[in-house]
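Dear colleague,

I am passing on a structure that may be new to you, and below it I set out what was found. Please read the notes with the structure open beside them.

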Amino acid sequence: MDEGYRDRTAFIKGAKDIAKEVKRQAGKKVGRHVDRMSDEYTKRSYTRFEEEDDDDDYPVQAQDGSYYRSNSRANDDEGAHSDSTEGHDEDDEIYEGEYQGIPRNDSVGKADGQPGGTAHSQFRDLTQYEAERRKDQEELAQQYETILQECGHGRFQWSLYFVLGLALMADGVEIFVVGFVLPSAEKDMCLSEPNKGMLGLIVYLGMMVGAFVWGGLADRIGRRQTLLISLSINSVFAFFSSFVQGYSSFLFCRLLSGVGIGGSIPIVFSYYSEFLAQEKRGEHLSWLCMFWMIGGIYASAMAWAIIPHYGWSFQMGSAYQFHSWRVFVLVCAFPSVAAIAALNTMPESPRFFLENGKHDEAWMILKQVHDTNMRAKGYPERVFSVTTIKTVKQMDELVDMGGEATAWHQRWRIKLTNLFHQVWGNFLTVFNPEYRRVTYMLMAVWFSMSFSYYGLTVWFPDMIKYLQKQEYSSRTKVFIKEKVEHVTFNFTLENQIHRQGEYFNNKFLNLKMKSMVFEDSLFEECYFEDITSTNTFFKNCTFIATLFYNTDLYKYRLVNSRLINSTFLHNKEGCLLDFSDENNAYMIYFVSFLGTLAVLPGNIVSALLMDKIGRLRMLAGSSVISCVSCFFLSFGNSESAMIALLCLFGGISIASWNSLDVLTVELYPSDKRTTAFGFLNALCKLAAVLGISIFQSFVGITKAVPILFASGALAAGSFLALKLPETRGQVLQ
């Protein structure tokens, strides 16, 4: 009798399994695969079996009078049936996410239903694992492109365009901030020439570190989260830098501000590219580059409007001063803050989720993209037809956290150490044989372009300043062996040289001295009161019975001079801002404004032609034209000619940068994209530091060497660019 019941139970169970499999294949129900063998039922003890006419349900009554299904599974942990699972059929369980309409990824269910699968994968050969992972990535790339085609290009992509544009704009602003405030900050902080040079380069060093660090992290913890962290660091330290007083504190804050913004370019381009279909990618990534130009225009306009207005400053005693250039530094943090606020409304990249096995999160985001675009186009009834998306196999990484007894700081240390090893290991894969040639070629192109571009863009303004200085010096008035007695000077003295003069019982009252030099002169019984000086020096002079009251003529203004019975009272402390250099300041901002605005035509042309003529032709062609334009620099013998050549070079070279950005994004797979981009961008900043340092050393000496360096680098870059593979028309890896 018992044997009959067992046969009937096995028959009923088999029929039910077949029916459920039919339902599953028809798409009427999503459930988990049955992972128990049919002979498992022979191990169970049933208290009662009631025959029913309906074959779909044979309930069994428990000891407490309740009913449960005859195929209910035993508790996995205890190995026996428990009260907690009575009436529960895992095949009928609603899959987590089904409440939100998310279809289950079949590959996940199969993995869950294989007993011992996790243990087996831990011992799987690494080569086989990598081969399977690459195959999954290739299948995902094709399917993902199809999904993006279905989602279309519309309101969602344009919203993300403006949000990420703010982050790119913040990067453009950061490049210009220190250059604009340096003329004022050097006087406010009494900077020496070496300190000025370090302040000009510190931002590039910070961006170099930031690009490498944030690029690596974005492939591990996500594009959106990493970008939020990096922009937050940039905003915080940009804000602090506007208030700190000392040179060291300001340098430190600008360094960390640069570290923060360094992640902007590698993450922004990778993030946006993963929402763009193949035929839109090159064009819209080029349009995104326009925000870097907008950042430069914003910085130039704000500097023009704020820095020369010295009435905006205030001070608390002699220890704390807040001049207008600090207001400018504060205002330049606004794009980064705005980017953080806007980025909180955007989702993570679905491609990143799929690469990391998060099927449900990716499906929800892609559905959001589809629905947003369809509603905007007037087709709200269109349904997102994708049911399952391929996910990439994941390597099981077990980290010993030390248990509950481990202190929190030790657990964090373990997490950070593990994260560092993951980031570093992912970086090393960029030099694997399949990517090595592309990586080395891109390194050479990035370095050559950055060396020439940043070197020349800094050399141009320095040459303009040098020409201005030469023109100013040509108007210098020279006085030799003059004798002046009992005269009161109460007017501005500017651009004069006095040699071997004698001044007896003269008064210098409430005046400004600008570019004044006194050499081998005698001052006897003279009186200096309320004097403000700029670039003014007394060399080898003698002061006899002379009184200095409330002046800045002390120590570094008196070079190899003798003081006999002379007195200094109430000297002005610290370095003072130059209030008489407004015209030069306006010229600097205006030149930067024009140079930045000049890239607009190049941006438009590159965006319209990027997907038509290809990335390589755009990159090589623009580099060759830029190389040729460098030779015209030898004809720039005036200020207006140098400004025109600056605009020409910037407008042509921007197409090369846009092409290089698109190529870098498309040549690496998604799990290495920001890591490789961050490394190459860090190399770019290193080349910028070298280019700026080398080119600046030739200002006022010769034009030939900078021109040859820039032309040679651009020629080499254009030649190597042709060796890279073309990515136009390819799906995003």
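Glutamate 519 and arginine 499 form a salt bridge, with their closest N and O atoms 3.0 Å apart; a salt bridge here is a side-chain nitrogen of Lys or Arg within 4 Å of a carboxyl oxygen of Asp or Glu. Because glutamate 519 lies in strand S10 (residues 507-519) and arginine 499 in strand S8 (residues 493-499), the pair ties together parts that are 20 residues apart in sequence; strands (E, at least two residues) and helices (H or I, at least four) are DSSP runs numbered from the N terminus.

This is a predicted model, in which local features need pLDDT of at least 70 and side-chain atom pairs count only at pLDDT 80 or more, while totals for chains, interfaces and linings use all residues. Residues are numbered from 1 along each chain as its sequence is written, and side-chain values use heavy atoms, with hydrogens and water left out.

By the salt-bridge rule the count comes to 13. One of them joins glutamate 274 and arginine 673 at 2.7 Å, N to O, and this pair links distant parts of the chain, 399 residues apart, with glutamate 274 in the loop between helix H9 (264-273) and helix H10 (278-288) and arginine 673 in helix H22 (residues 673-696). Both glutamate 274 and arginine 673 are buried, where buried means under 20% relative accessible area, exposed over 50%, and partly exposed in between (1.4 Å probe, protein chains only). Lysine 672 and aspartate 671 also meet in a salt bridge, at 3.2 Å, N to O, and both of these residues are buried.

With kind regards
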